[in-house]
2 protein chains.
Amino acid sequence: MTYCAAINVAEGLVFISDSRTNAGIDNISTYSKMKAFGVPGERQFVICCAGNLATTQAVLAQVERDIEEQAEVNLFNVKRMADAASYIGSLSLAEQNRSATPDAVFSATFLVGGEIAGARCRAFMVYPEGNFISTAKQNPFLQIGETKYGKPIMDRILTENTSLDDAALCALLSMDATTRSNLSVGPPIELYVYHRGSLQVGKYICFVEDSEYLRQLRSSWNESVREAFARLPNISWTETNQ
Amino acid sequence: MTYCAAINVAEGLVFISDSRTNAGIDNISTYSKMKAFGVPGERQFVICCAGNLATTQAVLAQVERDIEEQAEVNLFNVKRMADAASYIGSLSLAEQNRSATPDAVFSATFLVGGEIAGARCRAFMVYPEGNFISTAKQNPFLQIGETKYGKPIMDRILTENTSLDDAALCALLSMDATTRSNLSVGPPIELYVYHRGSLQVGKYICFVEDSEYLRQLRSSWNESVREAFARLPNISWTETNQ
């Protein structure tokens, strides 16, 4: 399985991804699911992937080939982030169609975010069908893969005015809730923070399996949640029964 | 959709259920998904249901008929809680087989918990196939329906030694996380607390849509989580990158 999220707040973008892949529960591997592309001062992109690994690797390889060969449409010549999302959607659809059999479709989902000079800084989720949706003021994050365990904390914390540092921290807690409950989502955990308007490579960090910081964050958050729980008022059993 | 959970701690059992049902997003209704049966001083049962409403209603109706008609096997003559779970599984399977078509199975899942004099106080989840699993010391809760949003808080808080009051509070927070993220899970919220060894009807409460207590709990928990979040240490960007 996979868990990736993209957050779009006033200060910029946050991306997080796990690195565990599996073809059956007895075939677990580690692959990065996050890839950054860019031209400093001109454009910066981050792509996160979920779904069939053959499809996502083929799409990312094609993205690189298209840049190298200066294809008619490639990440280094699209004008807007929506064009980038549409381009990734087309590559994904073409790759899925190439490998589909009557019984199986090797589908994939992508998060595509970044900024191009002269256009808006944005984040999109690209569906297996090639179409895509964007974050919105009321909905500053998008998730792919195993999305449910990590959604409540994002729902509680994130608004468009959350700081980049807090958004990154929230992404880590969302990942923590997911890795606790679904063993097929796991480290290394990659985190990327992009400052809106900078057009420079963002801050990147890869938390390995035995990361001391992640261990501390986990235990400190667990402790905080338990303390907060202990302070809650008791249940009011006088509520009107129906 | 549905969300129900059963918690088995040293002091007793907690059951929680929502009351929203839907046949398509444009056909939403309210039905109780929790039913209690018992003979004071001798046996107490609580059943929660998820899945096809025709199936779950038929099963509960049969449970009542079997008690009334003193059927060979009924909830008032089984010896152990596992026999009760097995009986519910048989009724469910028979009902599903009766209504199944080549294209559709009207499946259902149940939580069955309680205590019978002379036997252990237990909680089970009964699968659509009629087989069932129990809670365990390492795993004091079972969930049916929309289980994922509400699992992280249970994972963090519940152990076999959690008090009944805390387990009930945790069940409410788990329900809160679920109703926030999935609109097809909703109030009234029913909560039932059974004291191990009492063999008496437990404490029951039904929180209606505009319950002031639930509203306060929600806002107070949200505030606590945000405060706990604000106290977390900043991300350590010095972690070794891979």
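This note goes through the predicted model point by point, from the contact between the chains to individual strands and side chains.

1. The interface as a whole. The contact between the two chains draws on 53 residues from chain A and 53 residues from chain B, and the area buried between chain A and chain B comes to about 5,100 Å², with carbon and sulfur atoms giving 62% of that figure. On the chain A side, Arg156(A), Phe229(A) and Trp237(A) are the residues that lose the most area to chain B, and together they make up 18% of what that side buries.

2. Polar and charged links across the interface. Four salt bridges are counted between chain A and chain B, and 14 residue pairs, both members at pLDDT 80 or more, are found in polar contact across the interface. The elements that give two or more residues to the chain A side are α3 (151–157), α4 (164–181), β11 (189–195), β12 (203–207) and α5 (212–230) of chain A. By residue class, the side of chain A that touches chain B divides into 28 nonpolar, eleven polar and 14 charged residues.

3. Arg156(A) and its partners. Arg156(A), already named for the area it loses to chain B, meets the side chain of Asp176(B) in a salt bridge with an N to O distance of 3.4 Å. A network of salt bridges links Arg156(A), Asp176(B) and Arg218(B), and a reader inspecting this part of the model may wish to view the three side chains together.

4. A second bridge between the chains. The side chains of Lys148(B) and Glu146(A) meet in a salt bridge at 3.0 Å, N to O. Lys148(B) lies in the loop between β10 (141–145) and α3 (151–157) of chain B, while Glu146(A) lies in the loop between β10 (141–145) and α3 of chain A, so the pair joins two chains. Lys148(B) is partly exposed, with a relative accessible area of 25%, whereas Glu146(A) is buried, with a relative accessible area of 4%.

5. Salt bridges within a chain. Over all chains the structure holds 22 salt bridges. Arg20(A) is buried, at a relative accessible area of 16%, but Glu209(A) is exposed, at 60%. In chain B, the side chains of Glu95(B) and Arg98(B) meet in a salt bridge at 2.8 Å, N to O, and, being three residues apart in helix α2 (residues 81–99) of chain B, they are separated by about one helical turn. Here Glu95(B) counts as buried at 16% relative accessibility, and Arg98(B) is exposed, with a relative accessible area of 61%.

6. Strand β2 of chain A. Six of the six residues of strand β2 (residues 12–17) of chain A are buried, so this strand is largely enclosed by the rest of the structure. Strand β1 (residues 3–9) of chain A pairs with β2(A) in the antiparallel sense over six bridges, the two forming a hairpin with two residues between them, and Cys4(A) stands opposite Ser17(A). β2(A) also pairs with β11(A), again antiparallel and over six bridges, with Tyr192(A) as the bridge partner of Phe15(A).

7. The β5 to β6 hairpin of chain A. Six bridges join β5(A) to strand β6 (residues 43–51) of chain A in an antiparallel arrangement; the hairpin has three residues between its strands, and Gly41(A) in the turn has a positive phi of about 85 degrees. Gly38(A), in strand β5 (residues 34–39) of chain A, has Gln44(A) as its bridge partner in β6(A) and counts as partly exposed at 31% relative accessibility.

8. Arg43 of chain B. Arg43(B) lies in strand β6 (residues 43–51) of chain B and is buried, with a relative accessible area of 7%. The side chain of Arg43(B) is joined to that of Glu42(B) by a polar contact of 2.8 Å, and the side chain of Arg43(B) also reaches the backbone oxygen of Leu75(B) at 2.8 Å. Beyond its neighbours within four places in sequence, Arg43(B) has contacts that include Gly38(B), Phe76(B), Glu115(B) and Leu199(B).

Note on methods
Residues are numbered from 1 along each chain as its sequence is written. Chains are lettered from A and ligands numbered from 1 in the order in which they are written. This is a predicted model: local features need pLDDT of at least 70, side-chain atom pairs count only at pLDDT 80 or more; totals for chains, interfaces and linings use all residues. Side-chain values use heavy atoms; hydrogens and water are left out. Contact means heavy atoms within 4.5 Å. Buried area is the accessible area (1.4 Å probe) that two parts lose on being put together, summed over both. A polar contact is a pair of N or O atoms within 3.5 Å; within protein, one must be able to donate a hydrogen and the other to accept it, and residues adjacent in sequence count only if both atoms are side-chain atoms. Helices (H or I, at least four residues) and strands (E, at least two) are DSSP runs, numbered from the N terminus. Ala, Val, Leu, Ile, Met, Phe, Trp, Tyr, Cys and Pro count as nonpolar, Asp, Glu, Lys and Arg as charged, and the others, Gly among them, as polar. Buried means under 20% relative accessible area, exposed over 50%, partly exposed in between (1.4 Å probe, protein chains only). Two strands pair if DSSP finds at least two bridges between them.
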